[in-house]
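Morning, everyone. Please take a look at the structure on the screen.

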Amino acid sequence: MDDRMWKGAIIIMKKEVFGTLKDGTSISLYTLRNARGMEAKVTDLGATLVSLFVPDRDGVMRDVVLGYETPQDYVDNTCYFGTVIGRSGNRIDKGRFEINGKTYQLAINDNENNLHSGPDGYDKRKWEVASADCDSCIEFCLNSPDGDQGFPGNCRITVSYTLTEENELVLHYGADCDADTVVNLTNHTYFNLGGHDSGKVLDQKLMLTAKYYTPARDHQAIPTGEIVPVAGTPMDFTTAKPIGQDIEADFEQLKFVGGYDHNFAISEKPGEMKKMAEAYCDKTGIGLEAYTTCCGMQFYAGNFITESKGKGGVSYGPRHGFCLESQFYPNAINQEGFASPLLAAGEHYDSTTVYKFTV
Ligand code: BGC
């Protein structure tokens, strides 16, 4: 009974100790299950997806996301395995933006820019469990005070994970703030459809629906502001191809950032649920379809995954996973022509991203 969370007399979800951080904070791990046997493990540290078990073509359950063995590993590493990123994912030019005539300065942690809101990201915080009243869903919440990371306004963030009977993992984000602020939430899961312990993802096939992407100015990966066609370039994934097929092509955009690490334009503005990607692994037969209400998606091919030990002592390295990070376009708060991630005081931020698994 100890490893279960109780609500009244009803067992609602398996809860276990994930570990204790160096500072003594105790971190929990929650297991979500659907009736088909799919299982997700999430932790209150960073509202992070730690494991995701899906059936392969032989019915063997495979863990298809990269993750660490202990909570302290999440604090010590900067790869953001499975974490929720906020208050603003991706890059902000020089870490600076203006709202209502006032300039705000964030930490500089990526060349001359801010990446994923700086070193004090939501991924390193312990979130609260807001609700966990079924076997297959959990909602975390976080209070981010005025001035947190440099952002204005007291902001309440929620993120929920739900497993459906269609083998979907649904992520639903919400935010409310008492001042005008920036909100651009995403999840940074690294998928490997061969299993998290199967090495590089280069032969896994990927299709991206986006016909346009936002090219980077230079190696610092801030967009130029243009939205250009993928057609005729290695950025074209509108027909499925192996991730590795063109990744080493002599193409300036790929050279800038060491492979794919770009924002693909799913739509001009957020709101409508659209397919953003499909992926497939020949070896396991596991397929992934991804949908989102966000307008942009950073496709990151794991170019900078540091050599490290993950779950079960497995060795991870560059390109052992790929991310499909649904969000606003990078640096959108400073870029006219990109849908704005400004959340006005009193308005509600809402977005949904779905990862559906097939065999
Ligand atoms: C960025 C990459 C970065 C990675 C891990 C991604 O969202 O686009 O450039 O290396 O996160 O920090």
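In what order do the nine strands of the open sheet run? The order is 12-13-14-15-30-24-23-18-21, and the pairing is antiparallel. The edges are strand 12, residues 128-134, and strand 21, residues 241-242, and each of them pairs on one side only.

Some ground rules. This is a predicted model: local features need pLDDT of at least 70, side-chain atom pairs count only at pLDDT 80 or more, and totals for chains, interfaces and linings use all residues. Residues are numbered from 1 along each chain as its sequence is written, and side-chain values use heavy atoms, with hydrogens and water left out.

Terms, quickly. Strands are DSSP runs of E, at least two residues, numbered from the N terminus. Two strands pair if DSSP finds at least two bridges between them.

Now one end of that sheet. Strand 12 and strand 13, residues 137-144, are antiparallel and share four bridges. A hairpin of two residues links strand 12 to strand 13. Val-129 sits opposite Phe-140 of strand 13.

Lys-205 has Pro-242 in strand 21 as its bridge partner.

Inside the order, strand 22, residues 261-265, and strand 25, residues 296-300, run antiparallel and are joined by five bridges. There, Ala-265 has Gly-296 in strand 25 as its bridge partner.

A brief stop at one loop. Most residues other than glycine have a negative phi, and most peptide bonds are trans. Look at Gly-86 to Arg-87: that peptide bond is cis, with omega near 5°. Arg-87 is in the loop between strand 7 (84-85) and strand 8 (91-92). Asn-90 lies in the loop between strand 7 and strand 8 too. Asn-90 is not a glycine, yet its phi is positive, about 70°.

Finally, the ligand. Which residues surround the ligand? They are Thr-78, Tyr-80, Arg-91, Leu-115, His-116, His-188, Tyr-190, Asp-261, Gln-298, Tyr-300, Phe-304 and Glu-325. Near here means a heavy atom within 4 Å. By class, that shell has five nonpolar, four polar and three charged residues. Ala, Val, Leu, Ile, Met, Phe, Trp, Tyr, Cys and Pro count as nonpolar, Asp, Glu, Lys and Arg as charged, and the others, Gly among them, as polar.

Now the polar contacts, meaning pairs of N or O atoms within 3.5 Å. A side-chain N or O atom of Arg-91 is 2.6 Å from an oxygen atom of the ligand. For a polar side-chain atom of His-188, the distance to a ligand oxygen is 2.8 Å. For His-116, the distance from a polar side-chain atom to a ligand oxygen is 3.0 Å. Taken alone, the ligand exposes 310 Å², and the protein buries 93% of that. Those areas come from the Shrake-Rupley method with a 1.4 Å probe.

Key. Polar contact = N/O pair within 3.5 Å; in protein donor to acceptor, adjacent residues only side chain to side chain.
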